[in-house]
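Open the model in your viewer and keep the sequence beside it. Have the selection tool ready.

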Amino acid sequence: MGLMQEEFEEYAAKAKTLPQTTTNESLLSLYGLYKQATVGPVNTDRPGIFNLRDRAKWDAWKKNEGKSKDEAMSDYITLVKQLLEAAAAAASA
């Protein structure tokens, strides 16, 4: 396993510790990057109009189409770092 993969898995675990105040937009971005890094391009049909939650997740994943696995992992790690820093700053304010 490469260093990028190890760091990605470390930050995937850290992402689970993000506060409940993390925005849905941020969580969807994380989801999309995670799926792109672990699965690759979207491989399912877009959920129906009445399935808002899954549709938003699918859209977030689709937004990362074209990114390589390493690029998606790197972007994911960067976003988790930013969110953790923001949470720490908010907690100390």
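**Before you start.** This is a predicted model: local features need pLDDT of at least 70, side-chain atom pairs count only at pLDDT 80 or more, and totals for chains, interfaces and linings use all residues. Residues are numbered from 1 along each chain as its sequence is written, and side-chain values use heavy atoms, with hydrogens and water left out.

**Stop 1: S26.** Select S26. It sits in helix α2, residues 24–38. Helices here are DSSP runs of H or I with at least four residues, numbered from the N terminus. Is S26 buried or exposed? S26 counts as buried, because its relative accessibility is 17%. The cut-offs are under 20% relative accessible area for buried, over 50% for exposed, and partly exposed in between, with a 1.4 Å probe and protein chains only.

Now show side chains. The S26 side chain makes a polar contact with the side chain of T23, at 2.9 Å. Such a contact is a pair of N or O atoms within 3.5 Å; within protein, one must be able to donate a hydrogen and the other to accept it, and residues adjacent in sequence count only if both atoms are side-chain atoms. Leaving aside neighbours within four places in sequence, S26 is in contact (heavy atoms within 4.5 Å) with L79 and L83.

**Stop 2: α2 against α4.** Select α4, residues 69–92. Which α4 residues meet α2? Among them are K69, Y76, L79 and L83. The two axes, lines fitted to C-alpha atoms over the stretch in contact, come within 8 Å and cross at roughly 150°. Angles run from 0 to 180 degrees between N-to-C directions. α2 and α4 are therefore roughly antiparallel (over 145 degrees).

**Stop 3: the core.** Select F8, L30, Y76 and V80. These have the most contacts inside the largest nonpolar core, which has 15 residues. A nonpolar core is a set of buried Ala, Val, Leu, Ile, Met, Phe, Trp, Tyr and Cys residues joined through side-chain atoms within 4.5 Å. Two or more residues each come from α1 (3–15), α2 and α4. The largest share, seven residues, comes from α4. Zoom in on L30. Not counting residues up to four places away in sequence, L30 touches L18, Y76, L79, V80 and L83.

**Stop 4: K67.** Select K67, in the loop between α3 (52–62) and α4. K67 counts as partly exposed because its relative accessibility is 23%.

Notes: Angles under 35 degrees count as roughly parallel, over 145 as roughly antiparallel, 65 to 115 as roughly perpendicular and the rest as oblique.
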